[in-house]
Amino acid sequence: MIQVRKLSITQHINGRSLTRELSFTLNDGEKAVIIGEEGNGKSTLLRCIFNPSLIDAYADVTGDILLNRSKMGYLPQELPHEYRSLAISEYLEVGGADIPRLNRILEQFGLDESIRLENRLMGTLSGGEKVKLQIARLLLDESDVLLLDEPTNDIDLQTLMWLEDFLNESPQAVLYVSHDETLIEKTAEMVIHLEQLHTKKECRHTVAHVPYRVYMDERTSAFERQAAIARKEKEQFDARMARYQRIFERVQHEQRTISRGDPSGGRLLKKKMHSVKAMGARFEKEKEKLTKLPIMEQPIFITFKPGGIPKTKTVVDIELPELKIGDRLLSKDIKLLVRGGEHVGIFGDNGVGKTTLLRLIDSEIAKKGQLKTFYMPQDYLEKLPLDVSAVEFLAPLGSKEQVTQARTYLGSLKFTRDEMTSPIARLSGGQRAKLYFLNMALSDYQVLVLDEPTRNFSPLSNPVIRKVLRDFDGTIISISHDRKYLFEVCDSLYRLTREGLFLQ
């Protein structure tokens with residue numbers, strides 16, 4: 001069990017509060033998810049709970065984190081550089097590992113016990129293998145509270161379903177961040193929601209001891225009820241104020257027009273005006289007690305320019321006897337025909353060459369030079385210049401019109417003025433995803449080639465992203481393990497295996 005008491009986190013660079021006096025208790029075996037829009041401090045909160053010194057360089061922290069004899073283990077978003085060059089056998093040597101116990105953990109994770117003797121480097125493993133071995137190491141180190149930052153990144157559907165089972169069955173307390181709504185819906189018993197209101201000038205948190213979907217549904221219903229009550233009360237108050245204003249103006253008019261020869265009437269009107277003003281003062285006090293309209297962190301807003309292609313147009317028509325990286329055979333007998341307007345989703349196990357195939361598809365379309373295509377890699381750092389600002393990236397010419405457009409669209413994605421003008425290197429992974437996605441949306445592309453397009457968006461932003469892509473009238477060819485994305489956006493699903501590409 002861990003207890004967080006009155007935890008406040010404030011960024012150095014802009015004085016923005018990410019949390020203010022956040023308190024919660026995570027009990028043994030409890031599974032809690034941290035949610036919030038991109039850049040709201042989810043990963044920072046997780047790092048801070050594990051070790052406040054990890055955020056010393058960019059944030060101040062006050063409050064208490066009480067472990068109550070618990071031992072925490074932390075899984076970062078990316079495997080740390082110092083571990084990437086270690087062999088698996090070296091990585092798993094935690095304090096002279098208890099081999100029988102290690103073998104039981106590996107078996108529980110669906111890994112052959114012989115993997116502990118392998119000399120493959122950690123940095124060369126598939127996403128699923130990395131996640132499993134990192135969690136195995138945390139358990140081997142006898143961590144009884146697990147802090148997991150985006151454990152679903154880079155893992156295939158099979159590993160994703162394994163992770164769901166692990167979270168539900170694990171006796172450890174788990175606090176995690178994830179973009180995968182399905183996993184959150186199936187595993188979280190408690191929700192910690194971080195919000196930034198009034199253009200990120202005010203932070204708010206909510207701690208709810210209910211499953212994620214219950215929290216979201218109850219939150220929506222509560223906001224709708226409060227908004228309806230607030231509107232009704234305001235309507236009634238406005239009607240009363242309108243009547244009051246008519247009475248006030250009539251008495252005021254009578255005071256101005258009464259004859260000076262009628263002092264008795266003047267005294268009565270003065271007394272009447274005193275009563276009217278007293279009534280107005282009461283109304284002002286009542287106004288303060290009216291139900292307030294609920295303040296919500298507004299969802300992101302983004303649209304695509306039309307990018308339609310005739311449905312008879314062939315976008316991709318490839319046949320590959322073999323799919324290789326160097327001399328390594330990944331898959332074989334691949335055939336894919338995609339026409340205009342199709343939304344294609346490709347999924348499969350780690351290591352079968354999905355990204356390799358997607359890059360090849362993108363290259364084949366580019367060779368023809370007939371269609372305007374946008375490629376989104378898994379790692380945006382391949383395409384984003386970290387030393388320029390978001391505005392400079394979107395408005396490279398620097399014209400007034402370009403800059404104004406860039407600022408307007410960045411504002412719709414809830415970038416603050418500081419975030420618009422700071423180097424991209426300072427942005428969170430989710431904000432970089434928003435920026436890269438916006439760059440795609442602002443141009444009239446006809447074909448989108450997307451590698452895990454939802455992997456860096458929060459579960460609050462992903463419904464918007466899915467709707468935008470679903471409504472895109474051009475062609476989409478994508479890789480994803482996000483089940484909601486595959487079923488809501490894609491009208492054709494293919495599974496890539498070592499034996500080929502199969503329509504599902």
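Colleague: Why is Phe457 called buried?

Modeller: Phe457 has a relative accessible area of 1%. Buried means under 20%, exposed over 50% and partly exposed in between, with a 1.4 Å probe and protein chains only, so Phe457 with its 1% counts as buried.

Colleague: What kind of model is this, and how are residues numbered?

Modeller: This is a predicted model, in which local features need pLDDT of at least 70 and side-chain atom pairs count only at pLDDT 80 or more, while totals for chains, interfaces and linings use all residues. Residues are numbered from 1 along each chain as its sequence is written, and side-chain values use heavy atoms, with hydrogens and water left out.

Colleague: What makes Phe437 and Phe457 an edge-to-face pair?

Modeller: The rule gives 10 aromatic pairs. Phe437 and Phe457 form one with centres 5.7 Å apart and 85 degrees between the planes. Rings of Phe, Tyr and Trp (its six-membered ring) pair if their centres lie within 6.5 Å; planes under 30 degrees apart are stacked, over 60 edge-to-face, and the rest tilted. Therefore, 5.7 Å makes Phe437 and Phe457 a pair, and 85 degrees makes the pair edge-to-face.

Colleague: Which parts of the chain does this pair link?

Modeller: Phe437 is in helix H14 (residues 429-441), and Phe457 is in the loop between E14 and H15, 20 residues apart. Helices (H or I, at least four residues) and strands (E, at least two) are DSSP runs, numbered from the N terminus. Phe437 also counts as buried, because its relative accessibility is 1%.

Colleague: How do you know that strand E15 is largely enclosed?

Modeller: Five of the five residues of E15 (residues 475-479) are buried, so the rest of the structure largely encloses this strand. One side of E15 carries Thr475, Ile477 and Ile479, the other Ile476 and Ser478, and all of them are buried.

Colleague: What makes E12 and E14 pairing partners of E15?

Modeller: Two strands pair if DSSP finds at least two bridges between them. E12 (residues 343-348) runs parallel to E15 and is joined to E15 by four bridges, with Val344 opposite Ile477. E14 (residues 447-451) pairs with E15 in the parallel sense over five bridges. There, Leu448 stands opposite Ile476, and Val447 has Thr475 as its bridge partner.

Colleague: Which order do the strands of the open sheet follow?

Modeller: The order of this six-stranded sheet is E13-E14-E15-E12-E16-E17, with mixed pairing. From one strand to the next the twist averages 15 degrees.

Colleague: What covers the buried residues of helix H15?

Modeller: Asn462, Val464, Ile465, Arg466, Val468 and Leu469 are buried in H15. The cover includes helix H7 (181-187), E12, H14, E14, E15 and helix H16 (483-489), where contact means heavy atoms within 4.5 Å.

Colleague: What makes the unit of E14, H15 and E15 right-handed?

Modeller: A crossover is right-handed if, with the strands pointing away from the viewer, the path from the first strand over the helix to the second runs clockwise. E14, helix H15 (residues 462-471) and E15 make a right-handed β-α-β unit, so this path runs clockwise here.

Colleague: Why does Lys132 count as sitting over the ring of Trp162?

Modeller: Lys132 lies over the face of Trp162, 5.3 Å from the ring centre. The rule asks for NZ of Lys or CZ of Arg within 6 Å of the ring centre and within 35 degrees of the ring normal, so the 5.3 Å of Lys132 meets the distance limit. Trp162 also forms one aromatic cluster with Phe109 and Phe166. Elsewhere, the charged end of Arg137 sits over the ring of Tyr83, 4.9 Å from its centre.

Colleague: Are Glu150 and Asp333 buried or exposed?

Modeller: Glu150 has 10% relative accessibility and therefore counts as buried, whereas Asp333 counts as exposed because its value is 51%. Glu150 lies in the loop between strand E6 (145-149) and helix H6 (157-169), and Asp333 lies in strand E11 (residues 328-339). Phi is positive in each, near 55 degrees for Glu150 and near 50 degrees for Asp333.

Definitions and conventions. Axes fitted to C-alpha atoms, helices over the stretch in contact; angles between N-to-C directions.
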